[in-house]
Amino acid sequence: MKKVFSILAVAAFVCLVATSCSKDSPSGSGTAIYSPGLSSFDGDPTVAYRIAEIYSQKFNSISGATFSGSTITIEGKFSESDSKVLNACKAAESEANQVKLEGLKYATYHVRASYIGTDKVNDNFYSKTYGKKQ
């Protein structure tokens, strides 16, 4: 029973860890470029990179997007492009939440958004921290 409670407590904590998603898409259409990656981590890099790999897999499956490993480029309505990337991030979260953080204190995954042809850049488009940042 203690083990079940501990697992549930950890799961609840992970759900409450800092997650922020911005819905501040500029109006119009064009090229949106997203720059994803680990912004920081403390501990076993193997575990942190496993989390990053999960995100990469989800970004590779975005319809109509080109993912180079360091950027995601999408043509079309900015609001739809944002939605596609956020949906991929949420799908990655679901899977990454299952990664055992053994040897990793925390890892923060971050996405920056740039909208070509506008002066809009969102440095905090998406951010998710796994574990506990002290």
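Predicted model: local features only at pLDDT ≥ 70, side-chain atom pairs only at ≥ 80, totals over all residues.
Residues are numbered from 1 along each chain as its sequence is written, and side-chain values use heavy atoms, with hydrogens and water left out.

The structure contains nine aromatic pairs, a pair being two rings of Phe, Tyr or Trp (its six-membered ring) with centres within 6.5 Å; planes under 30 degrees apart count as stacked, over 60 as edge-to-face and the rest as tilted. The ring centres of Y55 and Y130 are 6.5 Å apart and the planes stand at 70 degrees, so this pair is edge-to-face. Y55 belongs to helix α2 (residues 45–60) and Y130 to strand β6 (residues 121–131), so that the pair links parts of the chain 75 residues apart; helices (H or I, at least four residues) and strands (E, at least two) are DSSP runs numbered from the N terminus. Both Y55 and Y130 are buried, that is, under 20% relative accessible area with a 1.4 Å probe and protein chains only. Y55 and Y130 also belong to one aromatic cluster with F59, F67, Y109 and Y126.

Helix α2 also packs against helix α3 (residues 78–96): the axes come within 9 Å and cross at roughly 140 degrees, axes being lines fitted to C-alpha atoms over the stretch in contact, with angles from 0 to 180 degrees between N-to-C directions.

Methods:
Buried < 20%, exposed > 50% of the residue type's maximum accessible area, 1.4 Å probe, protein only.
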